[in-house]
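This briefing goes through a single structure by topic. Please keep the sequence and the model in view while reading.

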Amino acid sequence: MRLKVEDAVDEELFSFFWVNGSLRIPPGQEAHVEESSQRVNRYVGDLDGQLMLHTIGPHMHSLGSKLTSTLVREDGSEDCMLDVPQWDFNWQMSYDFTEPVAISPQDTINLTCTFDSSDRNQFTRWGDGTGDEMCLTTM
């Protein structure tokens with residue numbers, strides 16, 4: 001791959017993690033749900049115009065059992081961006097949309113992660129280790 005530096009570009013690339021970093025998963029729960037909801041401009045600022053979302057990547061660890069991400073548009077309409085009803089730890093990859101998804105900085109993205117902590121005897125929190133947990137999507 002060759003990198004070429006230009007003085008100007010037609011479109012900028014943004015890449016970010018859509019994160020619910022305040023996880024507190026109680027022990028002994030078969031289906032504990034963690035939810036977060038943020039406006040797009042929290043991550044990209046107040047840009048003019050629409051953004052085009054090309055890829056999305058789910059990320060949880062071993063307690064994850066389900067992950068969904070929904071785009072709530074300014075007019076209240078909703079689009080499913082990601083629905084993983086039976087999480088597999090090995091699915092932590094990026095997935096391309098067939099057609100890019102247009103999003104506005106004023107839109108909201110909801111992220112819902114479900115965890116099975118039935119075999120744990122203490123709280124599980126956010127962390128990098130496989131024994132810790134995460135609830136995020138890359139975009």
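Is lysine 4 buried or exposed? Lysine 4 is exposed, its relative accessible area being 66%. The model is predicted.

**Sheet S1-S10-S4-S7**

- Four strands make up an open sheet in the order S1-S10-S4-S7, and their pairing is antiparallel.
- Strand S1 (17-19) and strand S7 (95-103) are the edge strands, each pairing on one side only.
- On average, neighbouring strands of this sheet are turned by 35° against each other, with direction ignored.
- S1 runs antiparallel to strand S10 (residues 136-138), and three bridges join the two.
- Tryptophan 18 has threonine 137 in S10 as its bridge partner.

**Sheet S3-S8-S5-S6**

- A further open sheet consists of four strands in the order S3-S8-S5-S6, with antiparallel pairing.
- Its edge strands are strand S3 (32-39) and S6, and each of them pairs on one side only.
- From one strand to the next, the twist averages 15°.
- S5 and S6 run antiparallel and are joined by six bridges.
- Opposite leucine 67 stands valine 84, in S6.
- Threonine 108 belongs to strand S8 (residues 108-115).
- With a relative accessible area of 17%, threonine 108 is buried, because the cut-off for buried is under 20%.
- Leaving out residues up to four places away in sequence, threonine 108 touches Ser37, Gln38, Arg39, Thr70, Leu71 and Val72.

**Cysteines**

- The structure has one disulfide.
- This disulfide is formed by cysteine 113 and cysteine 135, whose sulfur atoms are 2.1 Å apart.
- The torsion about the S-S bond of cysteine 113 and cysteine 135 is about 85°, so the disulfide is right-handed.
- The pair links distant parts of the chain, 22 residues apart: cysteine 113 is in strand S8, and cysteine 135 is in the loop between strand S9 (124-125) and S10.
- Cysteine 113 and cysteine 135 are both buried.
- Cysteine 80 takes part in no disulfide, and the nearest cysteine sulfur, that of cysteine 113, lies 13 Å away. The distance rules out a disulfide here, because the sulfur atoms would have to be within 2.5 Å.
- Cysteine 80 is exposed, with 56% relative accessible area.

**Nonpolar core**

- The largest nonpolar core has 25 residues, of which Phe115 and Met139 touch the most other members.
- At least two residues of this core come from each of strand S4 (51-59), strand S5 (64-72), strand S6 (78-84), S7 and S8.
- S8 gives the most to this core, with four residues.

**Salt bridges and the loops they join**

- Side chains of opposite charge can pair when their charged atoms come close.
- There are three salt bridges in the structure.
- One of the salt bridges pairs glutamate 6 with lysine 4, and the closest N and O atoms are 3.4 Å apart.
- Glutamate 6 is partly exposed at a relative accessible area of 45%, whereas lysine 4 is exposed.
- Arginine 73 and aspartate 79 meet through their side chains in a salt bridge of 2.8 Å, N to O.
- Both count as partly exposed: arginine 73 at 23% relative accessibility, and aspartate 79 at 32%.
- Arginine 73 also forms a salt bridge with aspartate 107, where the closest N and O atoms are 3.7 Å apart.
- Aspartate 107 lies in the loop between S7 and S8, and arginine 73 in the loop between S5 and S6, so this pair ties together parts that are 34 residues apart in sequence.
- Aspartate 107 counts as buried, with 2% relative accessibility.
- A network of salt bridges links Arg73, Asp79 and Asp107.
- Glycine 76 is found in the loop between S5 and S6.
- Glycine 76 is partly exposed, its relative accessible area being 45%.
- The C-alpha atoms of glycine 76 and aspartate 107 are 8.9 Å apart in space, while the two residues are 31 residues apart in sequence.

Key: Residues numbered from 1 in each chain as written. Predicted model: local features only at pLDDT ≥ 70, side-chain atom pairs only at ≥ 80, totals over all residues. Heavy atoms only, no water. Pairing = 2+ DSSP bridges. Axes fitted to C-alpha atoms, helices over the stretch in contact; angles between N-to-C directions. Buried < 20%, exposed > 50% of the residue type's maximum accessible area, 1.4 Å probe, protein only. Contact = heavy atoms within 4.5 Å. Core = buried A, V, L, I, M, F, W, Y, C linked by side-chain atoms within 4.5 Å. Salt bridge = Lys/Arg side-chain N within 4 Å of Asp/Glu carboxyl O.
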